[in-house]
Structures are given as structure tokens and as C-alpha cells.
Amino acid sequence: MQPPIDNHTLSRIISDRMPGPDWDSFSAADWDFLVAKAHAAGVAPLVYWTFSRSGKFSSLPQAVRNSLRVLYSSTWMQNQKNLKELEILARRFHQAEIPVVVLKGICFALTVYPDIGLRPMGDMDLLVQVSKLAEAVRIAKSFGYEDS
């Protein structure tokens with residue numbers, strides 16, 4: 001019997017502390033559920049990375065490898081775009097003498113994670129001085145960003 005695929009199980013997988021489950025006995029439905037759960041929890045790229053680094057990736061079913069590879073690749077490509085946008089915004093903020101601090105997701109992707117494709121993110125959190133906020137918002141909006 002397989003362990004339930006919950007957040008605790010996912011955390012054990014991505015930290016490579018999963019005590020030898022019998023991956024071969026996973027059914028297609030088990031694998032689909034694991035990938036869907038990992039995607040919903042925002043850790044599918046980390047599941048991909050963990051399996052790849054452990055040498056177990058090639059033993060996974062082809063459909064699972066493809067799904068995990070696509071989720072990782074999509075995250076990597078989106079983060080490349082985010083980093084390019086951050087570079088442009090940071091340059092414009094610097095030109096306008098607006099100090100900025102990069103927070104959360106994009107900061108973590110650059111500092112905590114060993115690869116930018118491992119940290120999915122849906123936005124970019126930037127901290128600016130209140131006195132410079134209106135100008136920073138105007139600059140960001142000129143690039144198509146919206147208030148949130």
C-alpha cells in the first residue's frame with residue numbers, strides 16, 4: 001500500500017527524505033495524483049529536480065517524466081522572463097533614484113534555490129519607499145503592470 005500523497009509526503013520527496021517507497025508499484029493514477037498535487041502545491045519543479053538528482057528520474061513512467069519536465073521548463077522560462085523584467089524595472093527605478101528591495105519569490109529564486117526553474121511565482125514583490133511609491137507605480141504601469 002502506498003503512502004497518501006499529501007503535503008507532508010511531498011515535503012519528504014523534495015527533501016529526499018522519503019524512505020524508499022516502492023515507486024514501481026505506483027499506478028498511473030497514483031503518479032497522476034502525485035504530479036497534480038505537486039503542481040497544485042507549487043513544488044512540481046522541485047519534485048522533478050529531486051528525482052533527477054537522485055538518479056530515479058529515468059525509472060519513472062514516460063508520461064510522468066514528460067509532465068514533470070514540462071512543469072519545470074515552464075517555470076524556468078517564466079522566471080527568465082521575470083528576471084528580464086526585473087532587470088528593466090530596476091534600471092528604470094535606479095535612473096529615477098528609487099531604491100528597491102526585491103522580496104519573496106523572485107528573491108528566493110535567486111538566492112535560496114539552486115536553479116531559477118525551481119520556484120514558481122505569479123507576481124513580483126518589490127518594496128519601495130513610501131515617498132517614492134507614486135513614481136515607482138507610474139514606472140511599473142508604463143511597462144503594463146497593474147496595482148494589486
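**Salt bridges**

Reply: The count comes to five salt bridges, a salt bridge being a side-chain nitrogen of Lys or Arg within 4 Å of a carboxyl oxygen of Asp or Glu. The model is predicted, so local features need pLDDT of at least 70 and side-chain atom pairs count only at pLDDT 80 or more, whereas totals for chains, interfaces and linings use all residues. Residues are numbered from 1 along each chain as its sequence is written, and side-chain values use heavy atoms, with hydrogens and water left out.

One of the pairs joins the side chains of Arg 91 and Glu 87, at 3.0 Å from N to O. Because they lie four residues apart in helix H4, about one helical turn separates Arg 91 from Glu 87; helices are DSSP runs (H or I, at least four residues) and strands likewise (E, at least two), numbered from the N terminus. Arg 91 is partly exposed at 42% relative accessible area, and Glu 87 is partly exposed at 39%, where buried means under 20%, exposed over 50% and partly exposed in between (1.4 Å probe, protein chains only).

Another salt bridge pairs Lys 104 with Asp 125, their closest N and O atoms lying 3.6 Å apart. This pair links distant parts of the chain, since Lys 104 belongs to helix H5 (residues 104–111) and Asp 125 to strand S2 (residues 125–128), 21 residues apart. Lys 104 is partly exposed, at 48%.

In helix H6 (residues 133–142), Arg 138 and Glu 135 are three residues apart, about one helical turn, and their salt bridge has its closest N and O atoms 2.7 Å apart. Glu 135 is partly exposed at 32%. Finally, salt bridges that share partners join Lys 84, Glu 87 and Arg 91 into one network.
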